[in-house]
Structures are given as C-alpha cells and as structure tokens.
Amino acid sequence: IHHGLGRVIGARGRHMEGIVGSTMRSVVYGVLGTNFIQAMLATLGFVVVGVPGAVLLGLICFFLTLIPFGCNLVWIPIAAWLAVNGEIGWAIGFAIYNVILFGPFETGMRAYIIDRNSQMPLILLLMGMLGGLAVFGLLGLLIGPTLLAVGFALLYEWSAGPEEEKAASVSELVGARS
C-alpha cells in the first residue's frame, strides 16, 4: 500500500497513509484501552462487594464492554444478588458505581483516548460502533469506528487540500531557491 499510494498519488498519498495508520491505531487503542480500564475498575468493584469469582467476572466484562451496555448482563444480576442477600446498601452503591463506570465514564474515557490522535467527533465514534455492530457483528465494534474515523480523516484532509498543497509547494520553492 505504501509504495502503491506513493506511485499513484505521490507525497499526498504517503501523507494520507500516515493519517489512516494513526487513525486506526487511535481507534483500536481507544476501544481496547477503555475496555481494559473498565474491566479493571469493574473487578475492583466486584472485589469490594465480595463477589465470588471477581477476576473471572472482570475478564468477562472486558469482552462485554465491546458491546454497548454489555456489562449490564454482569453487574445487574450481582446487584440483585446483593439485594436478595440483605445487602441493600451495598447493592445500591454497587449499582451507582457501575452506572457511572459503564455510562459517562466509559464515554468520556473512550473519547479522550481516541481524541488524542484523531479529530473525530464522539457522535461519529458512537455511530461507527453501533453501525459496525449491526453490519459486522462483534468484530464490527472495532471495524465500524475505524472505517468511519478513516473516512472522516480522509474527508477532512481532502476538504482542506488546496491551501495546504499551495503552502507545501511554496515552501518547496523557497527551499529550492535557498
């Protein structure tokens, strides 16, 4: 791809290749990094309330966080189990902790990690995740945001193109004269 883009499009193609690579890395790191952090925090919550098999449940949460609201399948039954066993205070606290962990914290953390290297708006990220899930299944949770982020980055670069190309050609001319 590197040589093909370079031959067909030139320097602009190599620049686009860099954008595609950094965008893909930022989406993958954002999704997997957020999942890892959430799984660790979920495991901590399971340990604090005394749930048996907390580490295994945390590992399950790592994979379920790929699906929006997927960890609800783990923590809601645990909160109900705590309530049935007479631990109403722990059940309420555990539920609040998990609503925050798998709600606003997840959204903010994922947006922060992805936004470090990509200029994609959060709404596009969420649309990419849900669209990818609908089209490609579980793997689409990584493929969807990546394709949408790459498309967004390429469209953004293309729309800003002529001024940057003029600036690049002027700097090349100045460099050639000196």
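I take a pocket to be an open set of points on a 1 Å grid over the protein atoms alone, with protein on both sides within 12 Å along at least five of seven lines; lining residues have an atom within 4 Å of a point. The model is predicted: local features need pLDDT of at least 70, side-chain atom pairs count only at pLDDT 80 or more, and totals for chains, interfaces and linings use all residues. Residues are numbered from 1 along each chain as its sequence is written, and side-chain values use heavy atoms, without hydrogens or water.

I looked up the largest pocket and found about 230 Å³ of space, a volume being the space filled by probe spheres set on grid points joined across faces, edges and corners. Eleven residues line the largest pocket; Pro68, Phe69, Glu106, Thr107 and Leu126 are the closest to its centre. Helix α7 (122-136) and helix α6 (104-115) each supply at least two lining residues; helices are DSSP runs of H or I, at least four residues, numbered from the N terminus. The largest share, four residues, is from α7. I sorted the pocket lining into seven nonpolar, two polar and two charged residues.

**Cavity.** A cavity is a set of points where a 1.4 Å probe fits but cannot get out. I counted one of 30 Å³ or more. The largest cavity has about 40 Å³. Its lining includes Pro68, Phe69 and Glu106.

**Leu56.** I placed Leu56 in helix α3 (residues 54-64). Leu56 counts as exposed because its relative accessibility is 54%, the cut-off being over 50% with a 1.4 Å probe and protein chains only.

Conventions:
Buried means under 20% relative accessible area, exposed over 50%, partly exposed in between (1.4 Å probe, protein chains only). Ala, Val, Leu, Ile, Met, Phe, Trp, Tyr, Cys and Pro count as nonpolar, Asp, Glu, Lys and Arg as charged, and the others, Gly among them, as polar.
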